[in-house]
Amino acid sequence: MQIKKFKVDIYDWEVILIEINGKEDIDILKNKLKRTWLPNKWIDKTIQEISDGGYDGGHHYCNDDLLKSIIVILETTSDKERISTLCHEKRHLEDSILKNCGIDDIEAASFLAGYLGKKMLI
C-alpha cells in the first residue's frame, strides 16, 4: 500500500491518496480509515470491495465541511489502468474542490488539474 498526503494550499484542501496492492492491505487500510472522518458504511463498502477481489477502480470520499478528501485506488491490472483510475478519481476531487469553493472558471479548473496531476500521478 502506498499513501500520499498533500494539501491544495490555495483552496485549503487536504487529500489522502491510498493505493492498494491487494487483499494483504485490508487490515492496515481498515485501521487507517477508522482513524479518519469516514463513516463506517463507506469504510465497510471499500473493505468489502477489496475482499471480493475488486480491481481497476477507486473511490473518492469528500467532506466539504472539513475541506478533506480521501481517495482509495484499488489494485490495478496494469500501469495504464492505474493512470486511468487515478485520473478518474482526480476529476472527482477537482469537481469537489471547485464546487465547494464556488469556482466556475475554466482557467482555475485547468490550473487545479495540473497541480493535482503533479501530486497524484508522479
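# Worked exercises on a predicted model

Ser96 is buried, at a relative accessible area of 17% (buried is under 20%, exposed over 50%, partly exposed in between, with a 1.4 Å probe and protein chains only). The model is predicted: local features need pLDDT of at least 70, side-chain atom pairs count only at pLDDT 80 or more, and totals for chains, interfaces and linings use all residues. Residues are numbered from 1 along each chain as its sequence is written, and side-chain values use heavy atoms, with hydrogens and water left out.

## Exercise 1

Step 1. Helices are DSSP runs of H or I with at least four residues, strands are runs of E with at least two, and both are numbered from the N terminus.

## Exercise 2

Describe the overall fold and dimensions of the protein.

Step 1. Count the elements: four helices and four strands.

Step 2. Read along the sequence. The pattern is β-β-α-α-β-β-α-α. The radius of gyration is 14 Å, close to the 14 Å that the globule rule gives for 122 residues, so the protein is as compact as a globular protein of that length. The radius is taken over C-alpha atoms, and the rule is 2.2 Å times the number of residues to the power 0.38.

Step 3. Take the principal axes. The C-alpha atoms fill a box of roughly 40 × 30 × 20 Å.

Step 4. Check the contacts between residues at least 6 apart in sequence. Of these, 56% join residues at least 24 apart.

Step 5. Buried residues make up 39% of the 122. The protein exposes about 7100 Å², and carbon and sulfur atoms supply 49% of it (Shrake-Rupley method, 1.4 Å probe; for residues, only the protein chains shown count as cover).

## Exercise 3

Work out the surroundings of Gly58.

Step 1. Gly58 belongs to strand S3, residues 58–63.

Step 2. Its relative accessible area is 21%, so Gly58 is partly exposed.

Step 3. Leave out neighbours within four places. Gly58 contacts Val72, Ile73, Leu74, Thr85 and Glu89.

Step 4. Take Leu74 from that list. Gly58 and Leu74 are 16 residues apart in sequence, and their C-alpha atoms are 5.5 Å apart in space.

## Exercise 4

Which loops hold Asp56 and Leu67?

Step 1. Asp56 lies in the loop between helix H2 (40–51) and S3. Leu67 lies in the loop between S3 and S4.

Step 2. Check the backbone. Asp56 has a positive phi of about 55° and is not a glycine. Leu67, also not a glycine, has a positive phi of about 60°.

Step 3. At 22%, Asp56 is partly exposed.

## Exercise 5

Characterise the largest pocket by volume and lining.

Step 1. The largest pocket holds about 180 Å³ of space. On a 1 Å grid over the protein atoms alone, a pocket is an open set of points where a 1.4 Å probe fits, with protein on both sides within 12 Å along at least five of seven lines; lining residues have an atom within 4 Å of a point. Points are joined across faces, edges and corners, and the volume is the space filled by probe spheres set on them.

Step 2. List the lining: Lys5, Phe6, Glu14, Val15, Ile16, Lys32, Arg35, Thr36, Trp37, Lys68 and Ser69. Strands S1 (2–8), S2 (13–19) and S4 (68–73) each give two or more residues. S2 gives the largest share, three residues.

Step 3. Sort by type. The lining has four nonpolar, two polar and five charged residues. Nonpolar covers Ala, Val, Leu, Ile, Met, Phe, Trp, Tyr, Cys and Pro; charged covers Asp, Glu, Lys and Arg; the others, Gly among them, are polar.

How values were computed. Contact means heavy atoms within 4.5 Å.
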